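Hi,

Here is the model I promised to pass on.

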Amino acid sequence: MILPMYILGQPMLRKHAEEVPADYPKLQELIQNMFETMQHADGVGLAAPQVGLPLRLFVIDLNALSDDMPQYKDFLHAYINPTIVEASEDTETMEEGCLSVPGIHENVRRPKTVHVTYLDEQLQPHDEWLDGFLARVFQHEYDHLQGKLFIDHISSLRKQLIKKKLLAMTKGRVSCSYKVKS
Ligand code: NI
């Protein structure tokens with residue numbers, strides 16, 4: 001089932017999300033719905049607060065990048081109760097966008113590699129270092145669980161330049177191909 005996407009201005013996007021309890025009902029169904037919602041919107045990542053649930057859960061789909069980056073062939077995963085244990089001092093800048101902030105793309109500087117832990121969709125624990133595009137998307141999605149958005153990372157000058165667009169968005173003027181809740 002495709003879920004409506006919460007858009008900038010929705011208070012849910014600014015909440016600190018709660019851990020997913022071990023007995024959370026219908027967790028698999030929720031993960032499937034998040035996969036479907038992300039793919040319908042052509043996203044590479046989607047966090048639970050973006051579909052209105054204040055839970056520490058996100059999904060990542062990097063298969064669309066596999067033409068250039070074969071290591072991401074069929075890469076589709078859920079991350080439950082993730083943590084970032086450590087981040088490299090080495091940073092890099094990449095352009096980011098967000099399904100909750102449609103039409104905006106901005107350069108964001110983030111650590112290049114991150115040491116993370118999480119449970120996968122079978123609730124198996126993982127402890128690993130991520131790099132490249134995956135490290136980038138993981139950090140972007142992790143921010144959503146902290147009530148943070150990628151536009152919080154951009155310079156005040158850049159923010160000034162897109163201020164009007166962001167304000168319009170918070171007032172419900174949104175143009176995108178998927179169902180939204182603004
Ligand atoms: Ni996002």
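Let me start with Asp152, which is partly exposed at a relative accessible area of 29% (buried is under 20%, exposed over 50%, partly exposed in between, with a 1.4 Å probe and protein chains only). Bear in mind that this is a predicted model, where local features need pLDDT of at least 70 and side-chain atom pairs pLDDT 80 or more, while totals for chains, interfaces and linings use all residues. Numbering runs from 1 along each chain as its sequence is written, and side-chain values use heavy atoms, with hydrogens and water left out.

Asp152 pairs with Arg14 in a salt bridge, the closest N and O atoms being 2.8 Å apart (the rule: a side-chain nitrogen of Lys or Arg within 4 Å of a carboxyl oxygen of Asp or Glu). Arg14 sits in the loop between strand E1 (5-6) and helix H1 (27-40), and Asp152 in the loop between H2 and helix H3 (156-170), so the bridge ties together parts that are 138 residues apart in sequence. (Helices, H or I of at least four residues, and strands, E of at least two, are DSSP runs numbered from the N terminus.) Arg14 is partly exposed too, at 40% relative accessibility.

The count by that rule is 6 salt bridges. Another one joins Asp143 to Arg110, at 3.0 Å from N to O. Asp143 belongs to helix H2 and Arg110 to strand E6 (residues 106-111), 33 residues apart. Asp143 is buried at 10% relative accessible area, and Arg110 is buried at 4%. Through shared partners, salt bridges join Glu96, Arg110, Arg136 and Asp143 into one network.

His140 and His144 are 4 residues apart in H2, so about one helical turn separates them. Both histidines, His140 and His144, are buried.

Cheers
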